[in-house]
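Me: Can you walk me through a protein model, one question at a time? I'm new to this, so please keep it friendly.

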Amino acid sequence: MRGIERLRSVERTTEPLAKALPELPKQQTILVRLVRIAAYGLGDYFGGVFDELGLTEHSYHALCVLVASDKGRASPSELSELVGTSRPNMSKVIVTLEKAGYISRKAGKLDGRRSVVEITKLGEQVVSKATPSVAGPVASAFSGLDDKEQAELDRLLRKAIVSFDEAKFR
């Protein structure tokens with residue numbers, strides 16, 4: 001299903017959903033659905049690019065985070081937070097990257113139970129080789145928005161992300 005079809009589905013089902021579940025706040029429910037559809041659409045959009053590279057979006061992002069980090073290393077929990085995926089999923093990503101020889105895992109110096117993930121030379125080479133293939137799709141992902149709209153979306157997404165943290169419901 002394409003993005004426009006997903007949006008039509010939201011439009012088509014909003015009123016029936018509002019009638020069936022009147023206790024749900026309508027506008028916020030629409031926003032949740034739109035953000036989820038946008039995330040799904042991004043994954044779908046980049047899927048083919050990463051398939052061709054033999055990576056996943058999360059594995060590529062983890063390697064990029066390691067390349068950009070001090071000394072090329074991070075804890076699995078740091079990677080999970082920075083990549084934006086669950087810790088169990090990041091554990092799977094780490095296992096896959098380690099088997100491919102793109103990273104190594106070592107026991108932490110202060111606490112041997114905690115591991116540190118470090119990018120290898122091969123991992124650095126993979127990121128360097130893959131990045132040109134990723135750069136074009138990244139540049140065009142928001143081509144339907146002008147610079148001002150992209151800046152506004154950036155501002156609103158940042159505000160929403162902080163809002164999730166500050167929400168009173170827990």
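This is a predicted model: local features need pLDDT of at least 70, side-chain atom pairs count only at pLDDT 80 or more; totals for chains, interfaces and linings use all residues.

Me: How many salt bridges does the count come to?

Reply: Start with the general idea: side chains of opposite charge can pair when their charged atoms come close. The rule here asks for a side-chain nitrogen of Lys or Arg within 4 Å of a carboxyl oxygen of Asp or Glu. By that rule, the number of salt bridges is 7.

Me: Which residue forms a salt bridge with Arg-6?

Reply: Look for a partner whose closest N and O atoms are 3.7 Å apart from those of Arg-6. The pair links distant parts of the chain, 38 residues apart, with Arg-6 in helix H1 and the partner in helix H2. Helices here are DSSP runs (H or I, at least four residues), strands are E runs of at least two, and both are numbered from the N terminus. The partner is Asp-44.

Me: Is Arg-6 buried or exposed?

Reply: The cut-offs are under 20% relative accessible area for buried, over 50% for exposed, and partly exposed in between (1.4 Å probe, protein chains only). Asp-44 has 49%, so Asp-44 is partly exposed. Arg-6 has 11% relative accessibility, so Arg-6 counts as buried.

Me: Where does the salt bridge partner of Arg-158 lie?

Reply: Arg-158 forms a salt bridge with Asp-154, and the closest N and O atoms are 2.7 Å apart. At 55% relative accessibility Arg-158 counts as exposed, while Asp-154 is partly exposed at 36%. The two residues are 4 apart, about one turn of the helix, and both lie in helix H7 (residues 147-166).

Me: Which strand holds Glu-118?

Reply: The side chain of Glu-118 meets that of Lys-106 in a salt bridge (3.2 Å, N to O). This pair links distant parts of the chain, 12 residues apart, with Lys-106 in strand E2 (residues 103-107) and Glu-118 in strand E3 (residues 115-119). Lys-106 is partly exposed, with a relative accessible area of 46%. So the strand that holds Glu-118 is E3.

Me: In which order do the 3 strands form the open sheet?

Reply: Two strands pair if DSSP finds at least two bridges between them. The pairing is antiparallel, and the order is E1-E3-E2.

Me: Which residues form one aromatic cluster?

Reply: Rings of Phe, Tyr and Trp (its six-membered ring) pair if their centres lie within 6.5 Å; planes under 30 degrees apart count as stacked, over 60 as edge-to-face and the rest as tilted. A search of the whole structure finds 3 such pairs, among them Tyr-45 with Phe-46, which is edge-to-face at 4.8 Å centre to centre and 85° between the planes. Phe-50 and Tyr-60 make a tilted pair, with 5.4 Å between centres and 45° between the planes. The cluster consists of Tyr-45, Phe-46, Phe-50 and Tyr-60.

Me: Which parts does the pair of Phe-50 and Tyr-60 tie together?

Reply: Phe-50 is buried at 5% relative accessibility, and Tyr-60 is buried too, at 10%. These two residues are 10 apart in sequence, so the pair ties together helix H2 and helix H3.

Me: Which residues make the nonpolar surface patch of about 310 Å²?

Reply: A patch takes residues with over 30% relative accessible area and no salt bridge; like charges are joined within 9 Å, and nonpolar side chains (Val, Leu, Ile, Met, Phe, Trp, Tyr) within 5 Å. Accessible areas come from the Shrake-Rupley method with a 1.4 Å probe, and for residues only the protein chains shown count as cover. Helix H1 (3-20) and helix H2 (26-53) are the elements that give two or more residues to this patch. Its members are Ile-4, Leu-7, Leu-31 and Leu-34.

Conventions: Residues are numbered from 1 along each chain as its sequence is written. Side-chain values use heavy atoms; hydrogens and water are left out.
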